[in-house]
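This report describes how some parts of a protein chain are arranged against one another. Please keep the sequence and the structure in view while reading.

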Amino acid sequence: MKTNVTSFDQLPITLRAEQVAAVLGISRSNAYALMRQEDFPTLHIGKRMLVPKDRLIQWIEVSTQK
């Protein structure tokens, strides 16, 4: 699934791995690996992994300040 995202406003409230990959410009497998890291803001619901949009934006801001 190829998604062109030009604004954070276009994103849903929670993102799946494919959407995280598109936003960050990485592969889907790398998105899953990132979503399994402890410091990444992943929400686990059963077997599903979702990333809240606001927490992703915050993670990006903090990560770029390092």
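Against what do the buried residues of helix 1 pack? In this predicted model, the buried residues of helix 1 (17–24) pack against strand 1 (14–15), helix 2 and strand 3. The buried residues in helix 1 are Ala 17, Glu 18, Gln 19, Val 20 and Ala 21. Just after helix 1, Gly 25 takes a positive phi of about 70°.

The contact between helix 1 and helix 2 can be described residue by residue. From helix 1, Ala 17, Glu 18, Val 20, Ala 21 and Leu 24 take part, and they meet Arg 28, Ala 31, Tyr 32, Leu 34 and Met 35 of helix 2. Sorted by class, this contact of helix 1 with helix 2 holds eight nonpolar and two charged residues, with no polar ones. The axes of helix 1 and helix 2 come within 8 Å and cross at roughly 105°, which makes helix 1 roughly perpendicular to helix 2, because angles of 65 to 115 degrees count as such.

Helix 2 has buried residues of its own, namely Ala 31, Leu 34 and Met 35. These residues cover an arc of only 95° around the axis, and they therefore lie on the same side of helix 2. What covers the buried residues of helix 2 includes helix 1, strand 3 (48–52) and helix 3.

The structure holds one aromatic pair. The rings of Phe 40 and Trp 59 have centres 4.8 Å apart and planes at 75°, so the pair is edge-to-face, since planes over 60 degrees apart count as edge-to-face. This pair links distant parts of the chain, with Phe 40 in the loop between helix 2 (28–35) and strand 2 (43–45) and Trp 59 in helix 3 (residues 53–64), 19 residues apart.

| Residue | Relative accessible area | Class |
|---|---|---|
| Phe 40 | 4% | buried |
| Gln 58 | 47% | partly exposed |

Phe 40 counts as buried because its relative accessible area of 4% is under 20%, whereas Gln 58, at 47%, is partly exposed. Gln 58 has its place in helix 3, and its C-alpha atom is separated by 9.3 Å from that of Pro 41, which is 17 residues apart from Gln 58 along the chain.

Methods
Residues numbered from 1 in each chain as written. Predicted model: local features only at pLDDT ≥ 70, side-chain atom pairs only at ≥ 80, totals over all residues. Heavy atoms only, no water. Phe/Tyr/Trp six-rings, centres within 6.5 Å; stacked < 30°, edge-to-face > 60°. Helix = DSSP H or I, 4+ residues; strand = E, 2+ residues; numbered from the N terminus. Buried < 20%, exposed > 50% of the residue type's maximum accessible area, 1.4 Å probe, protein only. Arc of directions from axis to C-beta. Contact = heavy atoms within 4.5 Å. Axes fitted to C-alpha atoms, helices over the stretch in contact; angles between N-to-C directions. Parallel < 35°, antiparallel > 145°, perpendicular 65-115°, else oblique. Nonpolar A, V, L, I, M, F, W, Y, C, P; charged D, E, K, R; others polar.
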